[in-house]
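Please look over the sequence and the model before reading on.

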Amino acid sequence: MATEAPEQAPQADGVQSLSISEAPPSSSSNPTIQMSLEEKYQILRSVAEECIQEDELRNLLAHKSEPIAYDGFEPSGRMHIAQGVMKTINVNKMTSAGCRVKIWIADWFAMLNNKMGGDLKKIETVGRYLIEIWRAAGMNLDNGKVEFLWSSKEINSKADEYWPRVMDIAQKNSLKRIIRCSQIMGRNEQEDLTAAQILYPCMQCADIFFLKADICQLGMDQRKVNVLAREYCDDIKKKNKPIILSHHMLPGLQQGQEKMSKSDVSSSIFMEDEEAEVNLKIKKAYCPPNVVEGNPCMEYVKYLILPWFNEFIVERSEKNGGNKTFKSFEELAADYESGELHPADLKSALSKALNKILEPVRSHFKNDKTAKQLLQSVKNYRVSR
């Protein structure tokens, strides 16, 4: 077995940080002083539907005051609320628990995966638009704890470090094992993949080591390549494996849609949608009475509204039960399953809460000239798969 190549500290120059002065009202965005180990653990664990492994996370927090967490995204079209609101919530939680967060703007990866028709200039425009979204939404970018890094620039600046790692990962894994990771690109193992899409998982696995990540904080759809990185640690005899915090994937608006999709507008609420658009989309959303599981409206409250506001307010007439404020999802689920809360009242309250979150984003893209131009460009692009 090969031994692990020595790790080198990342250079300060070439790292671009963005900062804003305001954060969303969610308590998770507020910096916490003198936080206990258990408090940090509980915050980070709340980000994830699955943690691999919990004991390793506790050990990391006990021995490293500022762990590095990594997340990444392909600039591939307009941003929906699953990416915009949930990532803002999760990043704010991680920085409040002491993490440094490196957000990998995977422009080269989008090109490999034929997003925006493989046009790198369009991909870069989309990447800048996405950063504007998070800035406006209230991602806590103060104190330099969040870095947006463009994959093309970072890889080119340290090519001698990056590409040997990619080749080593490729050499140590079978083609079958790499193809099993195709889900990370929104593909499946039965598709006729290009050679570029075989290279992609090897590169994404290498990113984790290139960024010196202690924690991989991505969606459940990225799980397979994160596990590949842990397996690779065994190959190179690396003791400290990256910890995987996989967040829940929000479903689309309609029945049977496992996740929101940029290419299917019927499945998504976009971050700059007008208030009337949000209201109409939620009104048409799948929301079966008395059914919590598989109900997208209930999931949006659980994963977006409650973490953001720490409450969910339903306003209704006295005849229909009067106003009620829910402080936990369990309380909400009990009322909904029993029929105490009607789907129409749930939808009305959900629309109001979502619009409250999205209003600063809408305002930013109407009033900021640069943001307005970026949005118009992105809307004019054809989303390619």
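## Overall features

The structure is a predicted model. The protein contains 15 helices and 9 strands. It has 385 residues, of which 54% count as buried. Its accessible surface comes to about 17400 Å², and carbon and sulfur atoms account for 48% of that area.

Among the contacts in the protein with a separation of 6 or more, 74% are between residues 24 or more positions apart.

## The packing of H7 and H9

Two packed helices are described by the angle between their axes and the distance between the axes. Helix H7 spans residues 159-171 and helix H9 spans residues 195-210; they pack at an angle of about 125°, and their axes are 8 Å apart. H7 is therefore oblique to H9, and the crossing of the two helices is right-handed.

On the H7 side, the residues in contact are Glu161, Tyr162, Trp163, Arg165, Val166, Ile169 and Ala170. They meet Leu199, Cys202, Met203, Cys205, Ala206, Asp207, Phe209 and Phe210 in H9. Sorted by class, this contact has 12 nonpolar and 3 charged residues, with no polar ones.

## The setting of Lys64

Lys64 lies in the loop between helix H2 (54-63) and strand S3 (68-73). Is this residue, Lys64, buried or partly exposed? Lys64 is partly exposed, because its relative accessible area is 31%, whereas buried means under 20% and exposed over 50%.

Lys64 and Cys99 are 35 residues apart in sequence, and their C-alpha atoms are 9.6 Å apart in space.

How values were computed: Residues numbered from 1 in each chain as written. Predicted model: local features only at pLDDT ≥ 70, side-chain atom pairs only at ≥ 80, totals over all residues. Heavy atoms only, no water. Helix = DSSP H or I, 4+ residues; strand = E, 2+ residues; numbered from the N terminus. Buried < 20%, exposed > 50% of the residue type's maximum accessible area, 1.4 Å probe, protein only. Contact = heavy atoms within 4.5 Å. Areas by Shrake-Rupley, 256 points an atom, 1.4 Å probe, with all protein chains shown as cover. Axes fitted to C-alpha atoms, helices over the stretch in contact; angles between N-to-C directions. Parallel < 35°, antiparallel > 145°, perpendicular 65-115°, else oblique. Left-handed = near helix turned anticlockwise from the far one by under 90°. Nonpolar A, V, L, I, M, F, W, Y, C, P; charged D, E, K, R; others polar.
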